[in-house]
Amino acid sequence: MNTIYLDNNATTRVAPEVFEAMRPFFCERYGNPSSIHRFGGAVAAEIEAARRQVAELLGARYRDKNGCATEIVFTSCGTEGDNTAIGCAVAAAKGKKKIITSAVEHPGINHYLENLARRDYRIVRIGVDGRGRLDLDAYRAALDGNTALVTMMYANNETGTIFPVRELCRLAHEAGAFFHTDAVQAAGKLPIDVDEEGFDFLSISGHKLHAPKGVGALFARRGIPFTPLLLGGHQERMRRGGTENVASIIGLGAASALARGNLASEAVALRRLRDGFEQKLLATIPSISVNGDLENRLPNTSSVSFTDIEGESILMLLDQYGICASSGSACTTGSLEPSHVMRAMNIPYNAAPGTIRFSISKYNTAQELDFTAEKLVPIIAKLRRMSPYWNEK
């Protein structure tokens, strides 16, 4: 059975070009970049080249006198980047105790903020409308001189809805607050320019853009005091202790360069595939809806609600055909409750539990999506025949 992988917001396959870039750093160029000898020093130079590649993807143009993109800090994942950014901001905010975020953030943000709430920080969560769009009036009203940080995702991992992060950042700065954005889902799919958009911190994760798992990066604007999450050696200019994950860092650099070179063309191709898929579903399956801001969302993401059935049952039957999708964030999979994103959007009670996220990549084909749409027709019909809620209609 062939696998049709439509869960790319959970993780992506490593691009062949990325794997080839990584290969020498396992068994041939294995030196420790912190070593004094040339064998290790050559590896350190490759890390700096990867750092520049990530900086170029994110629009971080600053280079020090040695040409190093010092605003980029390599991490293990998006969650580590999120946690580090928030920790840096609250430490630099000099006693301010309010943090503003959205009601639809990733657990990597939410759980860290819950910990801060236990330390007397006030967490203000701004709601969204039925399309997942942020309540800008509530956001403006929440900002004040006691706001230490605003942390808002660039694009939602479940619906793909894109937040107006440039405007959110501007308003935060006007109030004297730092601004961080979790760009894990946006990086490699949308053009990002941290210098033009003005962000103080931005976090990404390699495995969302065809690099390996276990590596990420944090943009931290120069001049802001940095408080490391991991204390240890002098690695990453004293900002993250621990021997560097060299091969994966090289992979993240290669993936960043690859994404930057193909950003516009891939967005067009992904959007065409996704829109064709949604049109087939809407034409062949009754009582479904597409979630999110349909005019302003990630080009690869489709969140579809099937009324009166459970999403887990849909996923199990899709899996029998080798089709991989998800009910929402990979970090919350396994719960039968609607996700916090669906609840925040007030998706109807008979639709939220039957919400499936299909997220595609450049490796998907129209034939795969046609096959998936075809198989969903009998799957949904079968589950609705078994549903007491559907039979009541």
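The exercises below, each with a worked solution, concern aromatic pairs, sheet packing and single residues in a predicted model.

Residues are numbered from 1 along each chain as its sequence is written, and side-chain values use heavy atoms, with hydrogens and water left out. Since the model is predicted, local features need pLDDT of at least 70 and side-chain atom pairs count only at pLDDT 80 or more, while totals for chains, interfaces and linings use all residues.

**Exercise 1. Aromatic pairs**

Determine how many aromatic pairs there are, and classify the pair F179 and F199 as well as the pair Y321 and F371 by the angle of their planes.

Solution. Start from the rule: rings of Phe, Tyr and Trp (its six-membered ring) pair if their centres lie within 6.5 Å, and planes under 30 degrees apart count as stacked, over 60 as edge-to-face and the rest as tilted. By this rule the count is five aromatic pairs. For F179 and F199 the ring centres are 5.7 Å apart and the planes stand at 25°, so this pair is stacked. F179 belongs to strand β6 (residues 178-182) and F199 to the loop between α8 (194-197) and β7 (201-205), so the pair ties together parts that are 20 residues apart in sequence. Both F179 and F199 are buried, where buried means under 20% relative accessible area, exposed over 50% and partly exposed in between (1.4 Å probe, protein chains only).

The rings of Y321 and F371 have centres 6.3 Å apart and planes at 75°, so that pair is edge-to-face. Y321 lies in the loop between α11 (311-319) and β11 (323-324) and F371 in helix α13 (residues 366-386), 50 residues apart. Y321 is partly exposed, at 32% relative accessibility, and F371 is likewise partly exposed, at 28%. Finally, ring pairs link Y154, F179 and F199 into a cluster.

**Exercise 2. The sheet and its helices**

Work out the strand order of the open sheet of seven strands, and find which strands are touched by helix α5.

Solution. The order is β2-β8-β7-β6-β5-β3-β4, with mixed pairing; two strands pair if DSSP finds at least two bridges between them. The edge strands, each pairing on one side only, are β2 (72-75) and β4 (122-126). Neighbouring strands are turned by 20° against each other on average, direction ignored. Within the sheet, β5 (residues 147-151) and β6 pair in the parallel sense over three bridges, and V150 stands opposite F179 in β6.

Helix α5 (residues 107-117) packs on this sheet and touches β3 (98-102), β4, β5 and β6, contact meaning heavy atoms within 4.5 Å. The direction of α5 makes about 145° with that of β4; axes are lines fitted to C-alpha atoms, for helices over the stretch in contact, and angles run from 0 to 180 degrees between N-to-C directions.

**Exercise 3. Two single residues**

Decide whether I99 is buried or exposed, and list its contacts beyond four places in sequence.

Solution. I99 is found in strand β3 and counts as buried because its relative accessibility is 0%. Leaving aside neighbours within four places in sequence, I99 is in contact with V90, L113, L116, Y121, R122, I123, V124, L149 and T151.

Now treat D193 in the same way: is this residue buried or exposed?

Solution. D193 lies in the loop between β6 and α8 and, at 14% relative accessibility, counts as buried. With neighbours within four places left aside, D193 is in contact with L58, G59 and R61.

How values were computed
Helix = DSSP H or I, 4+ residues; strand = E, 2+ residues; numbered from the N terminus.
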